[in-house]
Amino acid sequence: MNHPLRTTSPVPPAQSPAEARHPLHTPAGLVGDTPVLWIGEPFTAAGRGFWAKLEGHNPGGIKDRTALHMVRAALERAQLRPGARIIESTSGTLGLGLALAGAAYGHPVTVVTDPGMEPLMTGLLAAHGTEVDVVAAPHRDGGWQAARRQRVEELLAAHPDAWSPDQYNNPDNVAAYAPLAHELVAQLGRIDTLVVSVGTGGHSAGIGSVLRGHSPHLRVVGVDTTGSTIFGQPAAPRLMRGLGSSIHPRNVAYGLFDEVHWVAAPEAVWAARRLAREHYATGGWSVGAVALVARWLASTLPPENRIVAVFPDGPQRYVGTVFDNAYCRSNNLLGRPPADAPDEIDDPRERTVTRWTRCTRVTAPLARPEGHDLVGAAR
């Protein structure tokens with residue numbers, strides 16, 4: 001079954017840009033083919049650096065890719081009926097992607113979030129016609145994420161024809177990132193080390209599995225936040241959004257990772273702000289955390305090792321947080337530069353980490369369902 005994108009009326013020839021290289025008839029065409037940028041000195045040491053995949057060049061960020069793919073796949077399977085409402089939990093970026101997918105395929109969208117969503121993001125979602133439902137209190141065991149997911153279930157019960165993509169456990173979230181991986185191969189050829197943030201597990205599994213198919217020697221480095229439970233640390237309050245989790249998404253492909261780094265909020269702020277000043281390419285919490293780890297890897301790996309870091313979004317939504325001095329002072333985020341190297345632990349359960357820390361032993365903290373192996377799922 002084909003589900004074409006909604007398009008406007010054909011453009012009259014007199015108004016068609018005859019010399020335009022890539023004329024587009026739908027906003028979904030703006031997604032993909034994002035650039036890569038060399039990040040070297042002064043952010044890194046002289047002669048060292050890494051490549052950054054700038055997913056902030058998508059209309060809403062990296063999750064535009066998965067929102068479009070999950071909606072399209074659900075339509076093809078008739079899991080999502082034409083014109084039915086889409087309901088999903090999000091901290092922000094997927095909400096923008098679903099707003100785009102809703103406009104492209106003709107679906108109203110409701111996103112469930114929590115009070116931590118930035119006012120700018122709430123305003124953008126509302127401007128795009130998205131209904132924003134804010135939960136009032138965290139869940140006793142699973143924090144804000146569990147509270148949001150519980151609210152999604154309540155809304156689905158109230159709207160029997162609605163559909164939820166369940167980004168945390170939907171394999172289509174992983175498969176959506178195969179094109180990004182193929183873009184990287186076309187742009188850079190050989191890739192030796194991939195540095196990716198981990199939240200739902202979608203883009204780390206999707207990109208990493210495809211790249212390892214091209215380069216079996218590929219080293220995959222996951223970047224999490226302190227206070228996140230994904231890699232076996234105990235749950236704690238988390239300021240950073242977009243990476244980390246208080247639940248255990250099934251999309252996290254633990255067997256793919258060679259090492260994991262936990263980064264604290266002040267360290268991510270330091271890196272994001274330095275990138276903004278020195279390279280005019282930056283983003284929020286995830287970008288700062290990933291860049292900090294890639295910077296260290298560039299200083300410790302051989303110079304010929306080709307490192308790629310995925311920057312999931314740009315700085316726009318973080319004007320009132322990461323890049324706001326008053327906010328950062330009130331949360332004690334300024335004047336706390338990271339150490340030159342991470343702490344090291346031998347096992348994620350060894351102790352609770354509160355600053356940048358590295359571990360080369362990566363295991364699933366919970367038993368995985370039999371047959372649930374997403375490594376290679378996106379090939």
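A salt bridge is a side-chain nitrogen of Lys or Arg within 4 Å of a carboxyl oxygen of Asp or Glu. This tour uses a predicted model, in which local features need pLDDT of at least 70 and side-chain atom pairs count only at pLDDT 80 or more, while totals for chains, interfaces and linings use all residues. Residues are numbered from 1 along each chain as its sequence is written, and side-chain values use heavy atoms, with hydrogens and water left out.

**Stop 1: a bridge within a helix**

Select R274 and E278. These two residues form a salt bridge, with the closest N and O atoms 3.0 Å apart. Both lie in helix α8 (residues 265-279), four residues apart, about one turn of the helix. Helices (H or I, at least four residues) and strands (E, at least two) are DSSP runs, numbered from the N terminus. Is R274 buried or exposed? With a relative accessible area of 14%, R274 is buried, whereas E278 is partly exposed at 26%. Here buried means under 20% relative accessible area, exposed over 50%, and partly exposed in between (1.4 Å probe, protein chains only).

**Stop 2: bridges across the chain**

The structure holds 21 salt bridges. Select D161 and R81 next; their side chains meet in a salt bridge of 3.2 Å, N to O. This pair links distant parts of the chain, 80 residues apart: D161 is in the loop between α4 (143-158) and α5 (171-175), and R81 is in the loop between α1 (63-76) and β3 (86-89). D161 counts as partly exposed at 48% relative accessibility, and R81 is exposed at 53%.

Then select D258 and R212, whose side chains form a salt bridge of 2.9 Å, N to O. D258 lies in the loop between β7 (219-225) and β8 (259-263) and R212 in helix α7 (residues 202-214), so the pair ties together parts that are 46 residues apart in sequence. D258 is partly exposed at 25%, while R212, at 19%, counts as buried.

To see a network of salt bridges, select K53, E55, R65 and E183, which are linked in this way.

**Stop 3: the sheet**

Display the strands. An open sheet of eight strands, with mixed pairing, runs in the order β1-β2-β9-β6-β7-β8-β11-β10. Its edge strands, β1 (36-39) and β10 (343-344), each pair on one side only. Two strands pair if DSSP finds at least two bridges between them. Strands of a sheet pair through backbone hydrogen bonds, either parallel or antiparallel. In which sense do β2 and β9 pair? Their pairing is parallel, over four bridges.

**Stop 4: the nonpolar cores**

A nonpolar core is a set of buried Ala, Val, Leu, Ile, Met, Phe, Trp, Tyr and Cys residues joined through side-chain atoms within 4.5 Å. The largest has 37 residues, and those with the most contacts inside it are F50, V195, V263, W285, V293 and F311. Two or more residues come from each of β2 (50-54), β7, α8, α9 (285-300) and β9 (307-311). The largest share, eleven residues, comes from α9.

Now select W285. Leaving aside neighbours within four places in sequence, W285 is in contact (heavy atoms within 4.5 Å) with residues including L239, M240, A268 and Y318. Apart from this core lies another, of 34 residues, among them L188, I191, A253 and C359.
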